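Follow along and check each spot for yourself.

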Amino acid sequence: MGGMGKTQPAIAFAKRHHTEYDSVFWLNAASEATLKDSFRLVAEAIFDVQEAQVLHDEQSLLIFDNYDDPDQYPIERYYPYVSHGAIIVTTRRPDLVAGSEIQLQPLRSVEESLGILETRSRRQNVKSDIYAQRLAERLAGLPLALATAGALLRQSIFTFERYLEEYEQCWNVDPRRPLPLHEYQERTLYTTWDLSYTRLESEDANAARLLGLLAYFSHQCLWHELFRAGFSDDSPQWLRGVISSDVEFESAIRKLTNYCFLEVQTSAESWSMHNCVHDWTLAALNKVIDERHYWYAFDCIAASAKEDDVHFLDHVYFARLAAHAVWLVHCRIYRDLLKSIIPDRLDKASQTALLLAKQVQLTAAEQVYITTLAGYEKLLGSSHTSTLHTVNNLGDLYRDQGKLAEAEQTYLRALVGKEKVLGAGHKPTLETIDRLGRLYRDRGLMHERALAGKEKELGLDHTSTLDTVNNLGVLYRDQGKLAEAEQMFQRALAGNEGALGPDHPSTLKIVNNLGLLYSDLSKLTEAKQMYMRALTGYNQGKLPEMEQVFLQALVGYEKVLGPDHIWTLDTVNNLGNLYYAQGKWTKSEQMFLRAMVGKERVLGTSHTSVFQVVNNLGDLYRAQGKLDEAKRMYLQALVGMERVLGPDHRWVLDIVNNLGNLHSDQEKLIDSEHMYMRALAGYEKTLGSNNTSTLDTVNNLGILYQDQGKLAQAEQMYLRALTGKEVALGPCHTSTLDTVNNLGILYANQGKLTRAEQMYLRALAGKEKALEFHHTSTLVIVNNLGSLYLAQGRLNEAEKILSRALLGREKTLGLDHTSTLSTVHNLGALYRAQGQLDEAETKYRRALAGYEKALGPDHMSTLDTVNNLGVLYANLGKLDEARKMYRRALEGCQKSLGSSHPSTVTVTTNLKELQTRIDTSIRSNSTQNAEPSTGNDNKKWWRFENRS
């Protein structure tokens with residue numbers, strides 16, 4: 001294929017193996033004339049040789065470069081008559097050249113593509129630029145395209161983002177002044193395929209026309225039935241002979257493959273085209289958009305998604321069709337064509353929009369829905385049921401996009417229209433009410449209204465009624481009304497078991513919701529039972545003998561739906577979340593990886609559900625202290641989500657917020673603030689200033705400012721978050737109480753210990769009432785209150801409170817959970833303050849061993865404990881052990897944080913003071929007269945725990 005850089009591997013081969021040959025000759029085979037010129041130069045070089053004997057029986061390497069038009073002349077005519085050495089031919093038509101074939105492929109690694117962009121553009125930090133990564137993915141590893149982009153950016157003030165925008169709009173970013181690239185000779189990205197097309201056009205006109213037609217389809221997956229599905233009397237007639245049979249179609253496609261315009265995808269029984277070749281077919285072969293070709297492509301796509309397929313449109317099987325539908329609304333071919341849709345195609349357009357929505361191609365779906373809605377309004381009127389159905393679907397789309405205000409307006413329009421046309425108690429009307437209820441998660445009015453209507457019209461046990469009961473359970477869970485949520489889920493579960501049976505997917509979905517609820521309640525045994533019931537679907541087969549094997553195998557939902565159904569994989573993901581909450585990192589990672597791989601297989605690699613699992617992996621790696629891995633996961637999720645949903649979607653902003661948390665962990669506080677401010681601005685724009693997600697980010701900014709020592713600003717953020725949450729959620733909601741806890745930490749750091757105690761006691765009373773005595777969230781407050789009493793010198797009270805925290809965490813989370821270890825560490829600080837140094841050493845040692853196992857030797861929690869052990873050993877007079885601890889802590893801090901970080905400075909100071917003490921001891925030849933030193937703890941003896 002043109003643009004692959006075929007010359008470069010030949011050069012590399014010659015450089016690497018030139019010692020194996022007596023001579024290497026480079027021949028320009030672009031035409032017979034250039035080849036003869038090359039031979040003349042070879043002859044001149046030979047005649048200049050002084051010693052003729054060196055030419056006898058020599059092993060030569062002949063490289064015939066750019067033999068791209070074999071029809072001009074047979075290259076075999078110029079091969080040596082005697083075989084002495086080797087011959088390399090670079091060509092776009094390997095099918096017409098004898099010999100062993102090496103097929104060059106585009107660069108598979110984005111890192112390699114970014115390397116070319118970085119080298120060519122001579123810009124820094126390219127690999128961390130999100131838009132550079134998008135550009136590399138868009139150019140799909142084609143060396144010529146990457147080199148062209150990099151060379152232009154080197155001489156331009158364009159950002160990667162701006163270049164990508166221009167490329168999408170017009171492909172040829174600078175058509176009047178194309179930049180020459182010396183290794184590609186006279187060819188450019190914009191002309192490299194012209195020669196092959198000219199030859200193809202003269203050889204097979206219909207194959208050339210087919211290549212031009214392919215510009216109106218996606219480049220990813222092309223198959224014969226797709227082209228047959230939409231053929232009609234209105235289609236281009238030259239196509240009839242091409243698609244009349246799979247034999248004729250494959251003959252034409254094979255011709256395009258021979259010219260390297262297409263590649264065979266044997267496993268998928270289809271063909272594909274490189275991104276950049278596809279861009280060229282549109283820009284060069286369709287300078288004027290052909291409306292007949294466009295509508296033929298539309299009909300092919302619409303005819304391939306039948307009405308019977310409506311319940312399966314979210315399956316991976318339809319992902320390849322959705323890619324073609326997305327291309328229908330591409331900016332360079334969309335123009336105003338779709339707006340001129342004829343009435344006969346409106347139903348097809350509606351089905352296509354649904355396909356796009358189910359495949360989470362939301363921007364494209366929105367364009368098609370708006371066009372379809374305008375067509376229905378013009379043809380049938382604004383009150384027709386088809387119009388209202390489209391309005392309802394558009395509301396669903398806006399909700400999924402996070403455009404909640406638009407969703408509300410659209411649902412209300414659909415509701416008013418349905419009540420007028422169908423009546424208030426009609427099922428479609430009640431379904432729209434239900435949708436509004438999901439939108440109004442902070443108010444139960446719509447769900448309750450829908451429930452009352454369905455109970456009256458359909459009965460208490462109708463499955464649609466039970467769906468609304470389940471939705472109310474979800475609402476109450478979000479509101480923190482966990483007892484009411486449990487009642488709703490239990491009612492929905494009992495009803496579905498009676499109406500549909502215990503193995504029905506809808507029943508198992510409610511079982512899964514109960515599992516989530518029990519996880520919130522810290523009823524982890526019950527949660528596990530619910531998850532395992534949902535996962536196995538009451539499977540009658542034999543369970544694996546070992547629990548670990550059983551949990552890794554996870555046959556969830558297989559009896560009903562199979563292991564790769566999306567509901568199965570959602571439950572696997574939820575089980576990963578459960579293990580995450582329990583601190584079982586390895587099992588959590590196994591679940592997340594299975595969910596990710598399964599969803600990629602079922603939904604494709606660009607589905608938002610895949611990116612949600614990737615984000616969960618980021619959370620897991622962050623909790624483990626694997627910050628580089630966490631960053632990769634977050635960035636992968638962010639780039640993918642932004643590409644599908646846009647920069648202001650709620651899910652995108654959630655990941656931005658997570659990146660803020662990560663940068664905070666890395667002590668990159670400026671980067672953290674940038675992420676939080678972006679998330680906050682997006683939430684305020686999309687959801688409003690009083691939405692709980694907005695307020696959570698305000699809370700996180702408070703934590704950040706506290707870490708920066710900006711305590712006044714931190715207090716402002718906390719108070720704003722607290723006021724907003726009290727209004728939105730109520731003063732006793734667990735999220736509200738988390739911010740109360742954070743205010744307690746702030747006041748403790750400010751030395752306002754009485755106010756801190758008031759905050760902790762309020763938070764603790766609220767958590768004990770809303771949750772349970774040993775709930776993990778409750779125990780965070782207990783731990784902090786014990787740490788406060790330790791700071792106040794109220795050591796007996798501190799011991800009582802911290803012992804409660806430890807007992808609860810060991811029971812709820814296990815002995816090795818990092819939260820348990822945090823309390824163990826605090827008890828070590830307590831015993832040290834009480835003078836019980838042996839007990840303190842035992843606790844510190846336990847915390848250290850646990851941190852090393854759970855987080856690794858270089859995590860800051862590990863290093864803080866190492867430093868504090870050093871302080872303890874110094875107090876005990878164990879100076880050698882203290883020095884070992886300080887040196888280990890110093891090496892880790894320098895590696896993770898740098899030499900100027902406050903934690904590194906603290907350890908450095910401790911080591912210097914200890915060394916002075918040791919030197920003094922040596923000089924006096926006695927350690928008994930040495931002056932004791934307590935050293936400085938990293939952060940504090942104890943640890944407060946923020947709730948982000």
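**Entry 1: the strands**

I began with strand β2 and its neighbour β3 (residues 85-89), and found that the two run parallel and are joined by 5 bridges. This is a predicted model, so I read everything below as a prediction. One pair I looked up here is F64, which stands opposite V89 in β3.

Next I turned to β1 (residues 23-28), which also runs parallel to β2, with 6 bridges between them. Where does V24 sit in this pairing? I found V24 opposite L61 in β2. I then looked up L27, and its bridge partner in β2 is F64.

How many residues of β2 are buried? I noted that 6 of its 6 residues are, so the strand, residues 60-65, is mostly covered by the cut-off of under 20% relative accessible area. I also wrote down which way they point. S60, L62 and F64 point one way from β2, while L61, I63 and D65 point the other way, and all are buried.

S23, F25 and L27 make up the covered face, and V24, W26 and N28 make up the uncovered one.

**Entry 2: salt bridges**

I looked up the total, and the count comes to 23 salt bridges. I picked a few to follow.

The R40 and D37 pair came up with closest N and O atoms 2.5 Å apart. Both residues lie in helix α2 (residues 32-47), 3 residues apart, which is about one turn of the helix. Are they buried or exposed, or something in between? R40 counts as partly exposed because its relative accessibility is 49%. D37 is partly exposed too, at 41%.

Then I went to R134 and E642, whose closest N and O atoms are 2.5 Å apart in a salt bridge. R134 lies in helix α4 (residues 130-139) and E642 in helix α30 (residues 627-645), so this pair ties together parts that are 508 residues apart in sequence. I checked how covered the partners are. R134 has 16% relative accessibility, so R134 counts as buried. E642 is buried as well, with a relative accessible area of 8%. I also jotted down that R134, E642 and R678 are linked in a network of salt bridges.

My last pair was R720 and E684, whose side chains meet in a salt bridge at 2.8 Å, N to O. R720 belongs to helix α34 (residues 711-728) and E684 to helix α32 (residues 669-686), so the pair ties together parts that are 36 residues apart in sequence. R720 counts as partly exposed, at 30% relative accessibility. For E684 I noted 33%, which also counts as partly exposed.

**Entry 3: a charged patch**

Which residues form the negative surface patch? I listed E225, D246, E250 and E269. E250 is partly exposed, with a relative accessible area of 38%.

**Entry 4: two pairs across the chain**

I looked at N496, whose place is in helix α23 (residues 482-499). N496 is buried, because its relative accessible area is 1% and the cut-off for buried is under 20%. I then checked N496 against L466, which is 30 residues away along the chain, and their C-alpha atoms are separated by 7.2 Å.

What about T363 and Q401, and how many residues apart are they in sequence? They are 38 residues apart in sequence and 8.4 Å apart in space, C-alpha to C-alpha. T363 lies in helix α17 (residues 362-380). At 43% relative accessibility, T363 counts as partly exposed.

Key:
Residues are numbered from 1 along each chain as its sequence is written. This is a predicted model: local features need pLDDT of at least 70, side-chain atom pairs count only at pLDDT 80 or more; totals for chains, interfaces and linings use all residues. Side-chain values use heavy atoms; hydrogens and water are left out. Buried means under 20% relative accessible area, exposed over 50%, partly exposed in between (1.4 Å probe, protein chains only). Helices (H or I, at least four residues) and strands (E, at least two) are DSSP runs, numbered from the N terminus. Two strands pair if DSSP finds at least two bridges between them. Patches are made of residues with over 30% relative accessible area and no salt bridge: like charges are joined within 9 Å, nonpolar side chains (Val, Leu, Ile, Met, Phe, Trp, Tyr) within 5 Å. Accessible areas come from the Shrake-Rupley method with a 1.4 Å probe; for residues, only the protein chains shown count as cover. A salt bridge is a side-chain nitrogen of Lys or Arg within 4 Å of a carboxyl oxygen of Asp or Glu. Lys and Arg count as positive and Asp and Glu as negative; His and the chain ends are not counted. The place of a charge is taken as NZ of Lys, CZ of Arg, CG of Asp or CD of Glu.
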